[in-house]
Amino acid sequence: MKRHFNYYLFFLVVFLVGFGFLFLASLSAPASLQRFKNTNYFLLHQLFYGLLPAIILGLVAYKISLKFLKKWAPVLVILNLAALFLVFLPFIGSKFWGATRWIDMGKFTVQPSEFLKITAILYLSAWIASKLSEGRASGFRSSAKKGYHNFLYIFIPFSIFLAIISLALFFQKDASTLGIIALTLLAVYFSAKTPLWHTILIIIAGLGSLLLLVKLEPYRINRWLIFLNPEADPLGKGFQLRQSLISMGSGGIFGKGLGMSTQKFGFLPQAMSDSVFAIIGEELGIIGAIILVALFILFFYLGIRIAKNSNDKFSKLTAIGITFWITLQAFINISSAVGILPLAGIPLPFFSYGGSHLVAELIGIGLLLNISKNS
């Protein structure tokens, strides 16, 4: 039976993307003028190399057969993993801020790790759905045999898959993206009604890996130290967090007004990407910031409802994964901007400058709408 098109989710995302571009038009003007002598450079770049391909690929995701997608999910994730290693090749990879995460395409760059968020969800959802079907078909007579099957054929391969992703992102020095992908995949895994002790074991292993990452790259512990006491180095490592808090605080209850930010004139680092929420708080105040948070909570509710109404396991797990990924990323970005979490260097969905994350997010939205219209 065909379901109705989910207009609530569609118009919510249209509003978020539209408002994001309206905000970017004002926010990016000073930096565009300073670097390119053109106030619209970053806006037009985001439009032609971000929004346009995002709409096209999002429409493809909405129209594509979910059965076809389930069948080809392994190929998609393998191609994506291969692209992660292409960034290290000369004349192909691009390096910014000491990290190698982008493929140089001439007039624009592509960040493969952003697309791994969606391909990994698709692959894990398809794989777990198939394995659970095999388990039910086997008709285990004892819980011991069922537990053995789940451990050997679900838990171990999932752990290996997660380890491969972790290794690829470790070399790119992209712990923030790794954290989002790992938590999202763990949410998908848990939602498949796998044994609870599997999830607990993975969390313990993840915490151990986090300690190892901190030991190998000491700058990560510095993020936590600065997060706990930004005044210890207010003009150095604590500068961005300090300026972000100043930006949020100066907005007051109702904000300075759209386009009236002063922090965007070079005072707040990464104002168009990591710290965009701080500028939103400055221009729209606490009221505007709370409304935006409420809209992401509404997005989460609509996504989970789509997952709940799905009949097949693949669609249900995919919808959960996409919903959890986008919502988690939004709240980590927001929490970083207001000092609840350390600065993570991840974009705010639908708002931050950058084409790769916007394309991946609208592909995810296209898949959610696709799942909602099909039983």
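A cavity is a set of grid points where a 1.4 Å probe fits but cannot get out. Rolling a probe the size of a water molecule over the atoms shows where empty space is left. In this predicted model, the search returned 1 cavity of 30 Å³ or more.

The volume of the largest cavity is about 50 Å³. Its lining is made up of G20, F21, L24, Q46, F350, F351, S352, H357 and L358. Two helices, α1 (7–27) and α13 (355–373), each contribute at least two of the lining residues, and α1 gives the most, with 3 residues. Sorted by class, the lining holds 5 nonpolar and 4 polar residues, while charged residues are absent.

In soluble globular proteins, nonpolar side chains tend to be buried together.

The surroundings of F350 can be listed in some detail. Leaving aside residues up to four places away in sequence, F350 touches V13, L16, V17, G20, F296, I326, H357, L358, E361, L362 and I365.

Attention now moves to the chain as a whole. The protein chain has 13 helices and 3 strands. It runs to 375 residues, of which 49% count as buried. Among contacts with a separation of 6 or more, 72% are between residues 24 or more positions apart. The accessible surface of the chain amounts to about 18400 Å², and carbon and sulfur atoms account for 71% of that area.

Several loop positions are worth a visit on the model. A344 sits in the loop between α12 (313–337) and α13. Because its relative accessibility is 17%, A344 counts as buried, the cut-off being under 20%. The C-alpha atoms of A344 and A175 are 8.6 Å apart in space, although 169 residues separate the two in sequence.

From N311 to N374, the C-alpha distance is 8.9 Å, and the two residues are 63 positions apart along the chain.

Two lysines call for a look at the backbone. Most residues other than glycine have a negative phi. K37, however, has a positive phi of about 60 degrees without being a glycine, and K193 likewise shows a positive phi of about 60 degrees. K37 is placed in the loop between α2 (29–36) and α3 (41–63), whereas K193 falls in the loop between α7 (175–191) and α8 (196–216). K37 counts as exposed because its relative accessibility is 70%. K193 is exposed too, its relative accessible area being 73%.

Definitions and conventions: Residues are numbered from 1 along each chain as its sequence is written. This is a predicted model: local features need pLDDT of at least 70, side-chain atom pairs count only at pLDDT 80 or more; totals for chains, interfaces and linings use all residues. Side-chain values use heavy atoms; hydrogens and water are left out. On a 1 Å grid over the protein atoms alone, a cavity is a set of points where a 1.4 Å probe fits but cannot get out, and a pocket is an open set with protein on both sides within 12 Å along at least five of seven lines; lining residues have an atom within 4 Å of a point. Grid points are joined across faces, edges and corners, and a volume is the space filled by probe spheres set on the points. Helices (H or I, at least four residues) and strands (E, at least two) are DSSP runs, numbered from the N terminus. Ala, Val, Leu, Ile, Met, Phe, Trp, Tyr, Cys and Pro count as nonpolar, Asp, Glu, Lys and Arg as charged, and the others, Gly among them, as polar. Contact means heavy atoms within 4.5 Å. Buried means under 20% relative accessible area, exposed over 50%, partly exposed in between (1.4 Å probe, protein chains only). Accessible areas come from the Shrake-Rupley method with a 1.4 Å probe; for residues, only the protein chains shown count as cover.
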